[in-house]
Amino acid sequence: MQMPPVNFQDGDPRAIEAMIKSHKYWEEAPANPSLQGKAIKISGFLVALDFADDEELKKFLLVPYFGMCIHVPPPPANQIIHVTLSKPCQGIHTMDEVTVCGRLAIEKTETNMGGGSGYSMKADAVDLYGEKK
């Protein structure tokens with residue numbers, strides 16, 4: 001039996017309760033244990049977290065879709081990678097589409113840019129998608 005759609009207004013207690021439940025599921029989304037320690041190459045969108053000298057990127061979140069940040073619901077934790085670069089790089093900015101290479105670790109982290117990540121990576125390389133530096 002299909003349920004009829006429910007229309008919530010902003011501030012409706014039922015909407016707030018549904019959002020709290022959704023965030024709980026997103027934060028508890030399980031990581032894939034077979035990926036622990038794997039060397040991977042993966043593409044996604046960059047959400048900058050930390051810069052050296054305001055120009056050199058040091059840390060970022062790799063997310064699966066454009067626009068993920070605190071303004072929209074973040075993806076589940078098992079779709080976010082917290083990336084630390086082995087050496088800072090220039091010329092890459094928030095919401096750029098990038099390709100990252102490194103070893104993946106199952107590690108939960110929290111940031112001020114939305115939900116927590118379920119993976120971390122010490123990246124050996126980051127390039128704009130489709131380009132090789």
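Two strands pair if DSSP finds at least two bridges between them. Helices (H or I, at least four residues) and strands (E, at least two) are DSSP runs, and they are numbered from the N terminus.

## Basis of the model

This is a predicted model, in which local features need pLDDT of at least 70 and side-chain atom pairs count only at pLDDT 80 or more, while totals for chains, interfaces and linings use all residues. Residues are numbered from 1 along each chain as its sequence is written, and side-chain values use heavy atoms, with hydrogens and water left out.

## The barrel

Five strands close into a barrel, in the order S1-S2-S3-S5-S4, and the pairing is mixed. From one strand to the next the twist averages 45°; axes for such angles are lines fitted to C-alpha atoms (for helices over the stretch in contact), and the angles run from 0 to 180 degrees between N-to-C directions. Strands of a sheet pair through backbone hydrogen bonds, either parallel or antiparallel.

Strand S1 (residues 39-52) is joined to strand S2 (residues 56-63) in the antiparallel sense over seven bridges. Two residues illustrate this pairing: Leu46 has Leu62 in S2 as its bridge partner, and Ala48 has Phe60 in S2. S2 in turn pairs with strand S3 (residues 81-89), again in the antiparallel sense, over five bridges. Here Leu57 has Cys89 of S3 as its bridge partner, and Lys59 stands opposite Thr84 in S3. The pairing of S3 and S5 is parallel and extends over five bridges; in S5, Tyr119 is the bridge partner of Ile81.

## Salt bridges

The structure holds two salt bridges, a salt bridge being a side-chain nitrogen of Lys or Arg within 4 Å of a carboxyl oxygen of Asp or Glu. Side chains of opposite charge can pair when their charged atoms come close. Asp12 is buried at a relative accessible area of 14%, whereas Arg14 is partly exposed at 47%. In these terms, buried means under 20% relative accessible area, exposed means over 50%, and partly exposed lies in between (1.4 Å probe, protein chains only).

The other salt bridge is formed by the side chains of Glu17 and Lys21, at 3.5 Å from N to O. Both residues belong to helix H1 (residues 13-27), where they are four residues apart, about one turn of the helix. Glu17 is partly exposed, with 45% relative accessibility, and Lys21 is also partly exposed, with 45%.

## The aromatic pair

One aromatic pair is present in the structure. The ring centres of Phe45 and Phe66 lie 5.8 Å apart and their planes stand at 80°, so the pair is edge-to-face. It links distant parts of the chain, as Phe45 is in strand S1 and Phe66 is in the loop between S2 and S3, 21 residues apart. Rings of Phe, Tyr and Trp (its six-membered ring) pair if their centres lie within 6.5 Å; planes under 30 degrees apart count as stacked, over 60 as edge-to-face and the rest as tilted. Phe45 is buried, at 16% relative accessibility, while Phe66 is exposed, at 56% relative accessible area.

## Surroundings of Ser117

Ser117 lies in strand S5 (residues 117-128) and is buried, with a relative accessible area of 2%. Its side chain makes a polar contact with the side chain of Thr109 at 2.4 Å, and it reaches the backbone oxygen of Tyr119 at 3.4 Å. A polar contact is a pair of N or O atoms within 3.5 Å; within protein, one must be able to donate a hydrogen and the other to accept it, and residues adjacent in sequence count only if both atoms are side-chain atoms.

Not counting residues up to four places away in sequence, Ser117 touches Ala77, Ile80, Ile81, His82, Glu107, Lys108 and Thr109. Contact here means heavy atoms within 4.5 Å.

## Surroundings of Arg103

Arg103 is placed in strand S4 (residues 97-109) and is exposed, at 52% relative accessibility. The side chain of Arg103 reaches the backbone oxygen of Gly37 at 2.7 Å. With its neighbours within four places in sequence left aside, Arg103 is in contact with Gly37, Lys38, Ala39, Ser120, Met121 and Lys122. The C-alpha atoms of Arg103 and Ile40 are separated by 6.1 Å, although these residues are 63 residues apart along the chain.
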